[in-house]
Amino acid sequence: MPEPDPVRLGVPAARRIALAAQGFARPRPDLPGTRDLQRVVDTVGIVQIDSVNVLVRSQYLPFFSRLGPYDRSLLDRARDRAPRRVVEYWAHEASLVPPSTWPLLDFRMRRARSDAWGGMQRVARDHPDLVARVLAEVSAGGPMTSREVEAALAHDLPREREHWGWNWSLVKNALEHLFWSGELSSAGRTQQFERRYAHPSRVLPPALRAVALDPAARPGDEEAFRRLVEISARAHGVGSEQCLRDYFRLKPEQARPAIASLVADGTLVPATIEGWHRPAYLHREARRPRRVHARALLSPFDSLVWQRDRTRALFGFDYRLEIYVPEELRVHGYYVLPFLLGDRLVARVDLKSDRAAGVLRVRRCTWEAGRGGPEDARELGEELALLARWLDLSGGVSA
């Protein structure tokens, strides 16, 4: 069957499709609850985790951006208590995903020995006996933090550390290897942001117990890549191959057959976007709103702005994460949140929660060309005040 003629889209239309696909075309609920959080998870498919806590842990922000003020303990409960609505794995980066997505990432789990970071590879290669002991300890006694695992091993396996020497670094690397390989999962996080390792059968819901216990029960690569690309396409609305690959960090040879299959069955419709030099793909169920009236401060790790080329092409917004840039070389600041107003990214706001003083500090605000007038400033001020209240910063906003 010949491929259908591509849908032609201008950049404004593609931008609105993208915003709707990410949940920004819906009004915020008055009192967000668990169902609203679940709707965000179902919409974006992945929520990235990051340890930086200068404002608030990053995983909480995408829900605030889409729902407004909500009870953060609802997300903790969805992650930490059965039946879990999200589980943690290396999806985009360290991320929260629906439990049903976890077995689709088996291809990554199987490559732990070759694709994981050096310390994880070395402990698997040089200390397989320790890795086996760690797996047995957590499987029998989890959920456990890395410190709890080391303490348990010190009690059960006393030995001189000058010997091959399990120590905190080796135990932590063993745990992370087992987490990457899917032999262990995360049952949540402590207040100090430590993973609580557990066997996947204790984390995944009963319907997925078989895939937790038996890797052979997980989908094959072809099906997994197809389902991952479909999740990505639904969350993008419209995007290029690069957009669809980047969401789950897939390689071209993994994503291209999946895209072709989804085009063949009509799930994806070929598209061209004005000014884009690469082919694009429109999800057949993507909303195509005529207007989007959004207002949101976005985490630097929000899925709307993950792919920087896409952000530039859709919004004309060059966005760079400057956390790792020396202070004297930063252009916009340390923890900079894009400000979405209407259907445009109109400003960059460097924010800090000053918990001792009880205020939300605006360390720098940079408006895009032609923006920053009184109405824009009023909208930003209201969103900042909302954010301060949500973060329990009773002193409000301090510029």
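Is arginine 234 buried, exposed or partly exposed, and what is its relative accessible area? In this predicted model, arginine 234 is partly exposed, with a relative accessible area of 37%. The side chain of arginine 234 meets that of glutamate 285 in a salt bridge, with an N to O distance of 2.7 Å. Because arginine 234 belongs to helix 13 (residues 221-236) and glutamate 285 to the loop between strand 9 (280-283) and strand 10 (294-297), the pair ties together parts that are 51 residues apart in sequence. Glutamate 285, at a relative accessible area of 51%, is exposed, since the exposed class comprises values over 50%.

This pair is one of 35 salt bridges found in a search of the whole structure. Another joins the side chains of arginine 79 and aspartate 80, with 2.5 Å from N to O; arginine 79 counts as buried, its relative accessibility being 9%. A further salt bridge, at 3.3 Å from N to O, is formed between the side chains of arginine 378 and glutamate 379. In this pair glutamate 379 is buried, with a relative accessible area of 17%, whereas arginine 378, with a relative accessible area of 36%, is partly exposed. Both residues also take part in a network, in which salt bridges with shared partners join Arg28, Arg295, Glu375, Arg378, Glu379, Glu382 and Glu383.

Helix packing is illustrated by helix 1 (residues 11-21) and helix 16 (residues 308-315), whose axes come within 9 Å and cross at roughly 125 degrees. On the side of helix 1 the contact is made by Val11, Ala14, Arg15, Ala18 and Leu19, and on the side of helix 16 by Arg310, Ala313, Leu314 and Phe315. Sorted by class, the residues of this contact between helix 1 and helix 16 are seven nonpolar and two charged, with no polar residue.

Among the strands, an open sheet of three is arranged in the order 2-4-3, and its pairing is antiparallel. Strand 2 (47-48) and strand 3 (87-90) are the edge strands, each of them pairing on one side only. Strand 2 pairs with strand 4 (residues 94-97) in the antiparallel sense over two bridges, and within this part of the sheet glutamine 48 stands opposite serine 95 of strand 4.

Note on methods
Residues numbered from 1 in each chain as written. Predicted model: local features only at pLDDT ≥ 70, side-chain atom pairs only at ≥ 80, totals over all residues. Heavy atoms only, no water. Pairing = 2+ DSSP bridges. Helix = DSSP H or I, 4+ residues; strand = E, 2+ residues; numbered from the N terminus. Axes fitted to C-alpha atoms, helices over the stretch in contact; angles between N-to-C directions. Contact = heavy atoms within 4.5 Å. Nonpolar A, V, L, I, M, F, W, Y, C, P; charged D, E, K, R; others polar. Salt bridge = Lys/Arg side-chain N within 4 Å of Asp/Glu carboxyl O. Buried < 20%, exposed > 50% of the residue type's maximum accessible area, 1.4 Å probe, protein only.
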